[in-house]
Number of protein chains: 2
Amino acid sequence: MTSFRLDQTTVHQPLLQEAQRMQRPENHLRRLIETPDRLKRYSIEGCGMLLDYSRQRLDDAARRLLFTLEDALRLRQRFGAMCAGEKINVTENRAVLHTAARAFGDDPIRVDGRDVMPEIRRVRDQMKQFSEQVRSGAITGSTGKPFRHVVVIGIGGSYLGTEFVSTALAALSDRRLTLHYLANVDIHNFGAVAAAIDPETTLWVVISKSYTTAETSANTHQAEQFMRDKGLDPARHTVTVTSKGSPGDDPARPVLQTFHMFDFIGGRYSVTSAVGGVPLSLLLGYDRFEAFLLGAAEMDRHALEAPVAKNLPLIAALISIWNTSLLGYGQQAIIPYASPLAKLAPHVQQLNMESNGKAADIQGDSLEPPAGVVIFGEPGTNAQHSFFQLAHQGHPFPIEFIGVRTPQYTQYTARSKGVTNHQELWANLVAQANALAAGRPSEDRTRHFEGNRPSSTLVLEDLQPINVGRLLSFYEARTVYEGFIWGINSFDQFGVELGKVLADDLRMRIARRNSEPDYDFGDMDDIGRGYLRLLFGESFRGRVLSVKF
Amino acid sequence: MTSFRLDQTTVHQPLLQEAQRMQRPENHLRRLIETPDRLKRYSIEGCGMLLDYSRQRLDDAARRLLFTLEDALRLRQRFGAMCAGEKINVTENRAVLHTAARAFGDDPIRVDGRDVMPEIRRVRDQMKQFSEQVRSGAITGSTGKPFRHVVVIGIGGSYLGTEFVSTALAALSDRRLTLHYLANVDIHNFGAVAAAIDPETTLWVVISKSYTTAETSANTHQAEQFMRDKGLDPARHTVTVTSKGSPGDDPARPVLQTFHMFDFIGGRYSVTSAVGGVPLSLLLGYDRFEAFLLGAAEMDRHALEAPVAKNLPLIAALISIWNTSLLGYGQQAIIPYASPLAKLAPHVQQLNMESNGKAADIQGDSLEPPAGVVIFGEPGTNAQHSFFQLAHQGHPFPIEFIGVRTPQYTQYTARSKGVTNHQELWANLVAQANALAAGRPSEDRTRHFEGNRPSSTLVLEDLQPINVGRLLSFYEARTVYEGFIWGINSFDQFGVELGKVLADDLRMRIARRNSEPDYDFGDMDDIGRGYLRLLFGESFRGRVLSVKF
């Protein structure tokens, strides 16, 4: 039988031994980074990006062994199967074709024998036309005024990726439209958005594959009532992005336009579909969105075709597994030295933790310990002044630094201590990775730096759409490759189901209480009842509280 | 000798045994939460807040033992010494008096025999007057227009706490002024702020205790050049918050006003000083800032006076230590079911990880393993649609949920499935904690929920300033108590020094290259040189790149 998960390959035990060997003092990172040509030998370039992993806890022997996983687990072959439309999401019997969303050229991509590219091209054309018409003022709201605000109603995969990209590319917006996000069902989210927009010039983009997501439904109802209260026709202020035939694609409930999404593109992988495409085309113009797609497509090809030693996302995935499952680190930080990438970590948190936080393998057998790792991060240098104390002297965790070689905003040229702001930023990026790796021993334990803290650095040339597209696809491919190595299905998310089932039950009890003031929530667990009573004004100890809502 | 750190107390071994005992199947959380009166017996109320720890992996025996740490480590006595001005920051020979920043009443608080309260009151009065004069238009910019934008230039402790509070209370702003943050030295941060403001109506608040922070200096220089380019007089558009006698408090460099900060209040504990006070008073009006201070002061008293079994931050600290050092969890998540608390986790990341990410105890001896824990978080329900897959089925980590009983924005009343948005939010909060604790076993491993994932829930009545003040102080006191238990100094941050030293060196090399184009960075490590060459347009492999900056 061919292996499909790391811990069943013949290379697993030898890898664990290599990881043990790296714990020896002579393999401290301080020593490794001093080996000849370390930087050249542990960095690769491709797709206009550079991946430096010279400060990972790897030497030639460990790396050689790690790279054999490509063959042992047929990693690129499985990636190819994904791109070709094979139904690798086995639990849901679905193809996984986010790569098709940015495929150009004439090659068909078939699912169940049917080429999916024509419908993808159709949606792209629709986005191009619609965004141009809105941006030019040809399509207006119900009072005839051009749109100035776009509110994206969507949560999780219908929100985080688009937020990452719109933040990364904000400087390129001509500011014709302002983008707002309404994700959380918390009424504070709605209230803050309502206070920031002008209803007459606001377009609401409702994004939900099933169109039954509880949060998105609640916010859509709220928005519709808000529009009606302002004398506006919701049908002329709303577009939907949803599956064909969903309640959001119902001629009985007319909207300006409906853009289709497809069951072969999962939420957290959907930024390059209409989920990201509608808001990003409106904000930036369709051409910039397409440049972003081209970057993602280029990285897809690289991820599929580059041999392991030259393959950026594949090496990043192998390092992630090395750190997590072999060296035993429980977290990873993503620290972009670029403010516009502030929303990258929240996006990758979803992308990676929802994809790979799994306790069953692709055949349904247990994984012990479970796959996945906690990912968090904030931009540098901010993070240095926040949690880097712990990174340097507390529990170590691997870091993925990101540098951008050429900044925007070159008109601001003031220098401080002889350097530009960008040069100061760069100096800090380089200094942190070095300090973490090398450390600096001291007799004074409060000033002792143990070092041996691993990091990689990814360098982008600039923050043009093509590079943001490459970066998005890099993290998608890294995540997919990690899932292949762990042998899991990175495309389902059954772990979120139980919470939904329990929330459904609680919602029904609350709804009943809304109409029956004497209803005490029926038969249920004590703690849950305590919280429902608290919501309706009675403390855990039976005291009556004033009810203000 | 009295013990001052957990692992040197006589109770440490018994606690480890209790933690072992909790691993047994009969102590699964599913069982614990079904014990009689679990909610009442494992929740406390105080300071208008409720802390429910019924879903922590504790039973009566374990809790009893954990509570003995209060006596064994004299925790409240040490907290009292802190509040009384004792120099518990021993490495820097400083008092730790953030509690004095919100002390009202007439009692003196002495450091080296000198009462610090008069100067604290003076700064408060100054903030009150200044904020009223700016808000009323009595103080204007250099062209006579009233201020409409405030840009806070500051990083780390001069930024994150204020950002948390201003986000939490944003709904209370009368929108006379818009607040912007310029923290990162990244020129993208400056560029984005510059594009969002109107220079003539912008007040810059420069916050730095030493006034030598590299990022803040660079951004201040950038801002001053920007103002001069617009024909404005920086002196009439700038206030400083800094130590007496720092370069930011120099009559030779006039500004509108200077507000003093004191060496007995550390950056990450400084939100209730002028660091938070100046921007928050400008945004919200001084009275709301004072209400926030009163809430913080109330929680300070509670933290000091309430016996352990009734003490919210002390119990939260004990639970944090229980989970981290005894049960062995490597992360904690903070998940507020309230969008306005979106910036709480980044604030607590700094507060807690910078305070307690330490490898030396208060006497300078090694701590192995190091103290501290990784903290991360996003608001719920957003987090459910992001990384909760991993929380439910991947590596478990403890969670601190936060609920708000009464929302703002009660004017939006649309219901979905019979409930308001706030009720939907509440149902999810309750459902998640239950699902994580109880789980739901299944033969199908992809749908198996192991449960036994601990959480606490903190409930606030609403998001008025008093409650946000209580919440701020709760996390400060929790952090301080954790540090006392680990036996570390939570008030220094030598772990950030090495990175600064290395960055200083790199900056000097870059500055020299700026003036000497042939300079190849002198004697330095290969990797560092590779990055400096890259910045100036040469790839790691010697190829010349186009230089665009």
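**Two chains, one meeting surface**

Reply: 99% of the interface residues of chain B are also interface residues in chain A, so the copies meet through the same surface. Contact here means that the C-beta atoms of two residues, placed from the backbone, lie within 7 Å. This is a predicted model, where local features need pLDDT of at least 70, side-chain atom pairs count only at pLDDT 80 or more, and totals for chains, interfaces and linings use all residues. Residues are numbered from 1 along each chain as its sequence is written, while chains are lettered from A and ligands numbered from 1 in the order in which they are written.

Me: How many residues does the contact take from chain B and from chain A?

Reply: Chain B gives 128 residues and chain A gives 127 residues. On the chain B side, helix α16 (residues 421–438) gives the most, with 13 residues. Helices are DSSP runs of H or I with at least four residues, strands are E runs of at least two, and both are numbered from the N terminus. That side of chain B divides into 58 nonpolar, 50 polar and 20 charged residues. Nonpolar means Ala, Val, Leu, Ile, Met, Phe, Trp, Tyr, Cys and Pro; charged means Asp, Glu, Lys and Arg; the others, Gly among them, are polar.

Me: New topic. Which residues have the most contacts inside the largest nonpolar core?

Reply: Val152(A), Val205(A), Val152(B) and Val205(B), in a core of 358 residues. Such a core is a set of buried Ala, Val, Leu, Ile, Met, Phe, Trp, Tyr and Cys residues joined through C-beta atoms within 7 Å. Buried means 20 or more other C-beta atoms within 10 Å of a residue's own, exposed means 12 or fewer, and partly exposed is in between, with C-beta atoms placed from the backbone. Leaving aside neighbours within four places in sequence, Val205(A) touches residues including Val150(A), Ile153(A), Val239(A) and Pro279(A).

Me: Which residues of helix α6 of chain B are buried?

Reply: Leu75(B), Arg76(B), Phe79(B), Met82(B) and Cys83(B). Seen down the axis of α6(B), they fall within an arc of 110 degrees, so they line one face of the helix. The arc is that of the directions from the helix axis to the C-beta atoms. Among the elements covering them are α12 (286–305) and α17 (465–486) of chain B.

Me: And Gly357(A), buried or exposed?

Reply: Gly357(A) counts as buried, with 25 C-beta neighbours inside 10 Å. Gly357(A) is in the loop between α14 (344–356) and β11 (374–376) of chain A. Its contacts beyond four places in sequence include Pro370(A), Gln389(B) and Leu390(B).

Me: What about Asn93(A), buried or exposed?

Reply: Asn93(A) is exposed, with 8 other C-beta atoms within 10 Å. Its phi is positive, about 50 degrees, although Asn93(A) is not a glycine.
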